[in-house]
Amino acid sequence: MEQINRSELRKKIMTILYQINVYEANEMEFNVEDLIKESLEIDNEFVKEIVYGVVTYKNDIDELANKYLNGWKINRLGNTDKAILRMGIYELMYTKTPEIVAINEAVELAKTYSDDEVRKMINGVLDKVYHNK
């Protein structure tokens with residue numbers, strides 16, 4: 001079985017977190033485990049850890065994001081941007097991923113899926129979270 005690299009896995013995580021945002025916004029029932037299974041053919045601990053971590057610590061993560069989103073609130077961001085930012089903050093605060101990797105991976109996703117202004121915003125927030133850890 002081919003090994004999916006972490007960058008690819010983060011793309012899957014972003015998609016799963018995006019779906020969760022949509023379901024929550026529309027007050028729809030969902031099962032996190034099912035969403036993970038739909039996105040991944042294989043069982044992956046890294047994906048589970050981050051998805052469940054973001055879901056578990058969402059309020060703390062959002063509070064941190066809001067603290068550093070100058071004049072903005074995370075709820076104003078699009079679902080994809082929220083997913084990327086939450087994943088980045090979670091990785092910075094709660095995992096052993098090297099900080100620079102967590103920030104770079106989030107910024108790379110933002111380069112592809114967010115507009116330039118939001119990418120800069122995500123980069124800025126993650127940088128401040130990292131420096132104030």
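Visitor: How many aromatic pairs does the count come to, by the rule used here?

Guide: The count comes to 4 aromatic pairs. Rings of Phe, Tyr and Trp (its six-membered ring) pair if their centres lie within 6.5 Å; planes under 30 degrees apart are stacked, over 60 edge-to-face, and the rest tilted. This is a predicted model, in which local features need pLDDT of at least 70 and side-chain atom pairs count only at pLDDT 80 or more, while totals for chains, interfaces and linings use all residues. Residues are numbered from 1 along each chain as its sequence is written, and side-chain values use heavy atoms, with hydrogens and water left out.

Visitor: What makes tyrosine 57 and tyrosine 94 a stacked pair?

Guide: The centres of tyrosine 57 and tyrosine 94 are 4.2 Å apart and the angle between the planes is 20°. The limits are 6.5 Å and 30 degrees, so the pair counts as stacked. Tyrosine 57 is in the loop between H3 and H4 and tyrosine 94 in helix H5, 37 residues apart. Helices are DSSP runs (H or I, at least four residues) numbered from the N terminus.

Visitor: Why is the pair of tyrosine 90 and tyrosine 94 called stacked?

Guide: The ring centres of tyrosine 90 and tyrosine 94 lie 5.1 Å apart with planes at 20°, so this pair is stacked. Both residues are in helix H5, 4 residues apart, which means about one helical turn between them. Tyr57, Tyr90 and Tyr94 form one aromatic cluster.

Visitor: Why is tyrosine 90 called buried, and why is tyrosine 94 called partly exposed?

Guide: Buried means under 20% relative accessible area, exposed over 50%, and partly exposed in between (1.4 Å probe, protein chains only). Tyrosine 90 has 6%, so tyrosine 90 is buried. Tyrosine 94 has 32%, so tyrosine 94 is partly exposed. Tyrosine 57, at 32%, also counts as partly exposed.

Visitor: Why is lysine 48 called buried?

Guide: Lysine 48 has a relative accessible area of 16%, so lysine 48 falls under the limit for buried. Lysine 48 lies in helix H3 (residues 45–56). Leaving out residues up to four places away in sequence, lysine 48 touches Glu33, Ile36, Asp43 and Gly53, where contact means heavy atoms within 4.5 Å.

Visitor: How do you know that the charged end of arginine 6 sits over the ring of phenylalanine 46?

Guide: The rule asks for NZ of Lys or CZ of Arg within 6 Å of the ring centre and within 35 degrees of the ring normal. The charged end of arginine 6 is 3.9 Å from the centre of the phenylalanine 46 ring and sits over that ring. Likewise, the charged end of arginine 76 sits over the ring of tryptophan 72, 3.8 Å from its centre.

Definitions and conventions: Helices (H or I, at least four residues) and strands (E, at least two) are DSSP runs, numbered from the N terminus.
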